[in-house]
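Please keep the sequence and the 3D view at hand while reading.

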Amino acid sequence: MRRIIIAGNWKMNKTIEESVSFGLCIKKMFYGKPEVILFPPFTAIKALSDALYDSDVGVGAQNMHFESTGAFTGEISPVMVKNAGANYVLIGHSERRHIFGEDDELINKKMIAAAGSELTPILCVGETFYERQNNLTEEVIERQIKVGLSEINYSKNVIIAYEPVWAIGTGANATPEQASKVHQFIREIISSMYGVGSGDEITVLYGGSVKPENIEELAKMEDIDGGLVGGASLRCDTFVLMWKKLKSVKIC
Ligand code: PGA
C-alpha cells in the first residue's frame with residue numbers, strides 16, 4: 001500500500017543532544033499521518049529512537065555496510081543499526097554514490113542485507129545534470145532500479161526516493177512535472193519487474209531542495225507520495241510546517 005511520508009535526512013549534522021531536542025519537539029507537534037521518518041547520524045540513532053519510543057515517528061540510518069560483522073574498519077552493520085533502534089535505512093543516497101564511489105552492485109548488496117535484517121530500505125536514485133542534459137535520465141534510473149533491486153523479492157513496502165543529483169542541496173528543485181514524469185517511469189519499471197499493478201503500489205518519494213515553499217505543489221502530483229528532505233529538515237518548526245502542508249494536500 002502506498003504510504004505518505006515526510007523523511008528528514010540530517011546528513012552529517014546534529015549531536016546527540018541536538019537530535020534528542022529535535023525528537024522531543026517533533027513528538028509534541030506531530031500526530032497521525034503523514035508518517036515521519038528521521039535519519040540522524042549513526043551516533044544519535046539510539047538516543048533519538050529512545051526519545052521517540054512512544055511515538056509513531058520512525059528512525060533510520062543514512063547508510064550501512066552489507067555484512068553483519070567483520071574486519072571492516074569504520075563501517076556499521078545492519079545488525080548494529082537495528083540494535084541501536086533504527087527500522088529504516090537509506091541506501092544509495094547520491095552523496096554515497098558520488099562522494100564515496102558506491103556503485104549499483106554495492107548498493108544491491110546493501111539492499112539485500114537490509115531486506116534480510118528487517119530494515120525497510122529507501123532506495124535512492126537520480127540522474128546528474130549532465131545525464132539529464134544528454135537525455136540519459138531514464139536509462140540511468142532504469143539501471144539504478146533494476147540493479148539495485150536485483151534478487152529482491154517484490155514487497156509492497158519497497159520505498160524509492162527519486163532525488164535528481166542536480167537538485168540536492170542546490171535550492172533548484174525539479175518542477176512537479178519533471179519529478180512526476182520520473183515517478184511514473186519508476187512505477188513502470190517496477191511493474192515490468194514485478195508484474196502489472198505493482199508499480200502503483202509502491203511508495204515513491206521526491207527529494208532535492210524540498211522546502212516549505214514548494215512541498216505543496218510537488219505533493220499535488222498524484223505520483224509523488226511525499227518527500228525526502230535534507231537541508232530544510234534540520235529545523236523542527238520548518239519540518240513541522242512541511243509536514244502540515246503535505247498533510248493538507250494528501251490526507252485532508
Ligand atoms: P536537500 O537534500 O533537501 O538538502 O536538497 C535532500 C537529500 O539529500 O536527501
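What volume does the second largest cavity have? The second largest cavity has a volume of about 30 Å³. The model is a predicted one, and the count comes to two cavities of 30 Å³ or more. The largest cavity has a volume of about 50 Å³.

**Largest cavity**

- The lining of the largest cavity is made up of Tyr206, Val210, Ile215, Leu218, Ala219, Ile224, Gly226, Gly227 and Leu246.
- Two or more residues of this lining come from each of α10 (215-219) and β8 (226-229).
- The greatest contribution to the lining of the largest cavity is that of α10, with three residues.
- Sorted by class, the lining of the largest cavity holds seven nonpolar and two polar residues, with no charged residues.

**Second largest cavity**

- Around the second largest cavity, the lining residues are Gly92, Ser94, Arg97, Cys124, Val125, Gly126, Glu163 and Val165.
- The elements α4 (94-98) and β5 (120-125) each give two or more residues to the lining of the second largest cavity.
- Sorted by class, the lining of the second largest cavity holds three nonpolar, three polar and two charged residues.

**The two linings side by side**

- Charged residues number two in the lining of the second largest cavity, whereas the lining of the largest cavity has no charged residues.
- Nonpolar residues number seven in the lining of the largest cavity and three in that of the second largest cavity.

Methods:
Residues numbered from 1 in each chain as written. Predicted model: local features only at pLDDT ≥ 70, side-chain atom pairs only at ≥ 80, totals over all residues. Heavy atoms only, no water. 1 Å grid on protein atoms, 1.4 Å probe; cavity = no way out; pocket = protein on both sides within 12 Å on 5 of 7 lines; lining within 4 Å. Points joined across faces, edges and corners; volume = space filled by probe spheres on them. Helix = DSSP H or I, 4+ residues; strand = E, 2+ residues; numbered from the N terminus. Nonpolar A, V, L, I, M, F, W, Y, C, P; charged D, E, K, R; others polar.
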